[in-house]
Amino acid sequence: QVHLVESGGGLVQPGASLRLSCAASGTISSIFAMGWYRQAPGHKRELVAIIDSGGSTNYADSVKGRFIISRDNAKNTVYLQMNSLKPEDTAVYYCNMYLRIVSGTTTNSWGQGTQVTVAS
């Protein structure tokens, strides 16, 4: 079993910053890609940022230059530094990890989500 636990969401004003964290626990052998997705009310879940095992990153156009994704492999943790937040960034943010557990099985795991609200 693998569990992903997110933290760091909250209510902030436009222009502020937040840092999300997502830590994975369980019988993990290796983690390939780590990513952040978000879903706003009435919208589909969308990719925000992703980082692979080599550290290569990819971002949604809407967050390029404002958000930074990073990972700490020793802690099985992925971070999302969100700067210059805008009201349109308001959503539930989910972390996602594509990983292999010790049995050899690969799995795509999701966190429970953390709410980010940007409002004045």
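Colleague: In this predicted model, are Asp-89 and Arg-66 buried or exposed, and how far apart are N and O in the salt bridge where their side chains meet?

Modeller: Asp-89 and Arg-66 are both buried. Asp-89 lies in the loop between S8 and S9 and Arg-66 in the loop between strand S6 (57-59) and S7, so their pairing ties together parts that are 23 residues apart in sequence. The side chains meet in a salt bridge with an N to O distance of 2.8 Å.

Colleague: Which residues are linked with Arg-38 in a network of salt bridges?

Modeller: Arg-38 also forms a salt bridge with Glu-46, where the closest N and O atoms are 2.7 Å apart. Glu-46 counts as partly exposed because its relative accessibility is 36%, whereas Arg-38 is buried at 7%. A search of the whole structure finds four salt bridges. The residues linked with Arg-38 in the network are Glu-46, Arg-66 and Asp-89.

Colleague: Arg-71 is buried yet has no salt bridge; which side chain of opposite charge is nearest?

Modeller: Arg-71 is placed in strand S7 (residues 67-72). A polar atom of the Arg-71 side chain lies 3.0 Å from the backbone oxygen of Ile-31, and a polar contact of 2.7 Å joins the side chains of Arg-71 and Asn-73. A salt bridge requires a nitrogen to oxygen distance within 4 Å. The nearest side chain of opposite charge is 5.8 Å away and belongs to Asp-52.

Colleague: Which element gives the most residues to the largest nonpolar core?

Modeller: The largest nonpolar core has 31 residues, and those with the most contacts inside it include Trp-36, Val-78, Tyr-93 and Met-97. Among the elements giving two or more residues to this core are strand S1 (2-7), strand S4 (28-39), strand S8 (77-82) and strand S9 (91-101). With six residues, the element that gives the most is S9.

Colleague: Which cysteine is in contact with Met-97, leaving aside neighbours within four places in sequence?

Modeller: With those neighbours left aside, the contacts of Met-97 include Leu-4, Ile-31, Met-34, Val-78 and Thr-107. Met-97 is also one of the residues with the most contacts inside the largest nonpolar core.

Colleague: To which residue does a disulfide join Cys-22?

Modeller: The count comes to one disulfide. The S to S distance is 1.9 Å, and the partner is Cys-95.

Colleague: Which residue in the loop between S8 and S9 has a positive phi although it is not a glycine?

Modeller: Asn-76, in the loop between S7 and S8, has a positive phi of about 50 degrees although it is not a glycine. Asn-76 is partly exposed, with a relative accessible area of 23%. In the loop between S8 and S9, the residue in question counts as partly exposed because its relative accessibility is 40%. Its phi is positive, at about 50 degrees, and the residue is Ser-84.

How values were computed:
Residues are numbered from 1 along each chain as its sequence is written. This is a predicted model: local features need pLDDT of at least 70, side-chain atom pairs count only at pLDDT 80 or more; totals for chains, interfaces and linings use all residues. Side-chain values use heavy atoms; hydrogens and water are left out. Helices (H or I, at least four residues) and strands (E, at least two) are DSSP runs, numbered from the N terminus. Buried means under 20% relative accessible area, exposed over 50%, partly exposed in between (1.4 Å probe, protein chains only). Lys and Arg count as positive and Asp and Glu as negative; His and the chain ends are not counted. A polar contact is a pair of N or O atoms within 3.5 Å; within protein, one must be able to donate a hydrogen and the other to accept it, and residues adjacent in sequence count only if both atoms are side-chain atoms. A nonpolar core is a set of buried Ala, Val, Leu, Ile, Met, Phe, Trp, Tyr and Cys residues joined through side-chain atoms within 4.5 Å. Contact means heavy atoms within 4.5 Å. A disulfide is a pair of cysteine sulfur atoms within 2.5 Å.
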